[in-house]
Structures are given as C-alpha cells and as structure tokens.
Amino acid sequence: MTAVAFAEAMNVDYATVIRWLRNELVPGAELMEPVPGMKVWQIPESAIETMERPLPGRKRGEKS
C-alpha cells in the first residue's frame, strides 16, 4: 500500500507517516523507484497490525 493509504488506515496525517518512514518505524516498508527519478514508499498491509505507534512528543534531550 502507499503512504497515503497507510495514513488513512492508521488514522494519522500523511506527514506523520512520512516521518515514521524516514525514521524506519514502519515494519517492512521499502522505498522503491519504479521509474528513474520517481520514488514511492511501498508498505505491506501487515504493517497496520504489527507497527507500534511511537509516543507523541519529543524524546528526552531532543532540541526543538
């Protein structure tokens, strides 16, 4: 599934999903390049059940 579909399934904003993907928090997600210069995230449907949602807010010691 795409990042947009995953955001809808997880009931979160698309930007949140992109942040999770960049931080490698979504299990099994892969950044694909189906056409040169075009990158697309592919997320397995199983990630909906297996992903542990990160707690909201900044981590200790993280600067704003």
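The legends below describe close-up views of a predicted protein model.

Residue numbers start from 1 along each chain as its sequence is written. In this predicted model, local features need pLDDT of at least 70 and side-chain atom pairs count only at pLDDT 80 or more, while totals for chains, interfaces and linings use all residues; side-chain values use heavy atoms, with hydrogens and water left out.

**View 1. Overall arrangement of the protein.** Three helices and two strands form the secondary structure, where helices (H or I, at least four residues) and strands (E, at least two) are DSSP runs numbered from the N terminus. Their order from the N terminus is α-α-β-β-α. The C-alpha trace spans about 40 × 25 × 20 Å along its principal axes. Of the 64 residues in the protein, 20% are buried; buried means under 20% relative accessible area, exposed over 50%, and partly exposed in between, with a 1.4 Å probe and protein chains only.

**View 2. The buried side of helix α1.** Helix α1 covers residues 3–10, and within this helix Ala3, Phe6, Ala7 and Met10 are buried. These residues lie on the same side of α1 because they cover an arc of only 100° around the axis, the arc being that of the directions from the helix axis to the C-beta atoms. An α-helix has 3.6 residues a turn, so residues three or four places apart point the same way. The buried residues of α1 pack against α2 (14–22), β2 (38–42) and α3 (47–50). Asparagine 11 follows α1 and has a positive phi, near 60°.

**View 3. The largest nonpolar core.** A nonpolar core is a set of buried Ala, Val, Leu, Ile, Met, Phe, Trp, Tyr and Cys residues joined through side-chain atoms within 4.5 Å. The largest such core has twelve residues, among them Phe6, Met10, Trp20, Leu21, Ile43 and Met51. Helices α1 and α2 are the elements that give two or more residues to this core. Isoleucine 18, also one of the core residues, touches Ala3 and Trp41 when residues up to four places away in sequence are not counted. Contact here means heavy atoms within 4.5 Å.

**View 4. Alanine 15 in helix α2.** Alanine 15 is found in helix α2. This alanine counts as partly exposed because its relative accessibility is 39%. Between alanine 15 and valine 4 there are 9.4 Å in space, C-alpha to C-alpha, although the two are eleven residues apart in sequence.
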